[in-house]
Amino acid sequence: MSVETGAPNDMLAAHPETAYFWGRVTGDGECEDGCITVRTNDETAARRLASIAGAERADRRIVERAYAHDTSITRQEEEFTVQVVGSLADRASAALGLPFDGESGGYRFDALADYDRQLLRGLLEGCGTVCFKSDDEAVGISFVHEDERLLRTIQTLLDRCPVDAPYDELSETSSGYWFGVADDAAPVLGDWLYEGSEETGLFAPSRRRKLQKSIERVR
């Protein structure tokens, strides 16, 4: 896997790397005054995100992370934090409608529409869950976030992707809201989301591996 391809000249221009980066920021990150923060539990993905945005490094720590669907269940895991200091956070909020300093977001991703695959991949890795449902012999793909508006935006992106990806209605969970992709559509959606990713390096290896192994078990 290559993690050394050139970074885009403008972080707000339409580009596969910017689409993936902003998907990750939106899914598990913040735009604050003078700083963008994005988190991942995959070291390779952290290095890639830092490379895209020109950040100096990714900081590593061990965190107690709540399970997305039930915050009463926690587990310890590595977390890597990438921070981009400067005016980009304010510009991204204005251009893409990302939440800024705790305010609600509008999520305007039309400028990245040519790269919905990379954007959705970043969103899945940022606020999505993947599992193998042994009782049903099915792959589970769901999205979980505290912001209901973001999840409805993700549903809109799924509506316009070239593979059929029906999904459930939003439901409340202890960490906000969530919805799941239909079980019979999950393998095809997973294949599409990661198609071509090997050549670009725009993915978290641990997340892709987990999804691919789950898909292999149902085929």
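1. Arg-48 and Glu-17 are both buried, where buried means under 20% relative accessible area, exposed means over 50%, and partly exposed lies in between (1.4 Å probe, protein chains only). Their side chains form a salt bridge, with N to O at 2.1 Å; the term stands for a side-chain nitrogen of Lys or Arg within 4 Å of a carboxyl oxygen of Asp or Glu. Arg-48 belongs to helix α2 (residues 43–53) and Glu-17 to helix α1, so that the pair links distant parts of the chain, 31 residues apart. Helices (H or I, at least four residues) and strands (E, at least two) are DSSP runs, numbered from the N terminus.

2. On provenance: this is a predicted model, in which local features need pLDDT of at least 70 and side-chain atom pairs count only at pLDDT 80 or more, while totals for chains, interfaces and linings use all residues. Residues are numbered from 1 along each chain as its sequence is written, and side-chain values use heavy atoms, with hydrogens and water left out.

3. How many salt bridges does a search of the whole structure find? The count is 12. One of them joins Arg-117 to Glu-195, with the closest N and O atoms 3.4 Å apart. Arg-117 sits in helix α4 and Glu-195 in the loop between α6 and α7 (197–200), a link between distant parts of the chain, 78 residues apart. Arg-117 is partly exposed, at a relative accessible area of 21%.

4. A salt bridge also forms between the side chains of Arg-208 and Glu-198 (2.6 Å, N to O). Arg-208 is in helix α8 (residues 205–217) and Glu-198 in helix α7, so this pair ties together parts 10 residues apart in sequence. Arg-208 counts as buried because its relative accessibility is 14%, whereas Glu-198, with a relative accessible area of 35%, is partly exposed. Elsewhere, a network of salt bridges links Asp-28, Glu-30 and Arg-39.

5. Helix α5 has 12 residues, which at 1.5 Å a residue should span 16 Å; its end C-alpha atoms are 17 Å apart, in agreement. The expected span is 1.5 Å times one less than the number of residues. At the start of α5, the backbone nitrogen of Arg-149 has a side-chain oxygen of Asp-147 within 2.9 Å. This is a polar contact, defined as a pair of N or O atoms within 3.5 Å; within protein, one must be able to donate a hydrogen and the other to accept it, and residues adjacent in sequence count only if both atoms are side-chain atoms.

6. Which residues of α5 are buried? They are Leu-150, Leu-151, Thr-153, Ile-154, Gln-155, Leu-157 and Leu-158. Their cover includes α1 (16–27), α4 (116–127), β6 (138–145), β8 (176–180) and α6 (186–194). Thr-153, in α5 (residues 148–159), is buried because its relative accessible area is 15%. Apart from neighbours within four places in sequence, Thr-153 is in contact (heavy atoms within 4.5 Å) with Tyr-107 and Phe-109.

7. Strand β8 pairs with β6 through 4 bridges, running antiparallel; pairing requires that DSSP finds at least two bridges between two strands. Val-144 has Trp-178 in β8 as its bridge partner. Strand β7 (residues 171–173) is joined to β8 by 3 bridges, also antiparallel, and Glu-172 is opposite Tyr-177 in β8. β7 and β8 make a hairpin with 2 residues between them.

8. Pro-187 is in helix α6 and counts as buried because its relative accessibility is 11%. Leaving out residues up to four places away in sequence, Pro-187 touches Val-139, Ile-215, Val-218 and Arg-219.

9. With a disulfide taken as a pair of cysteine sulfur atoms within 2.5 Å, the count is 0 disulfides. Cys-35 is in none, the nearest cysteine sulfur being that of Cys-31, 9.1 Å away. Cys-35 counts as buried at 12% relative accessibility, and Cys-127 counts as buried at 6%.
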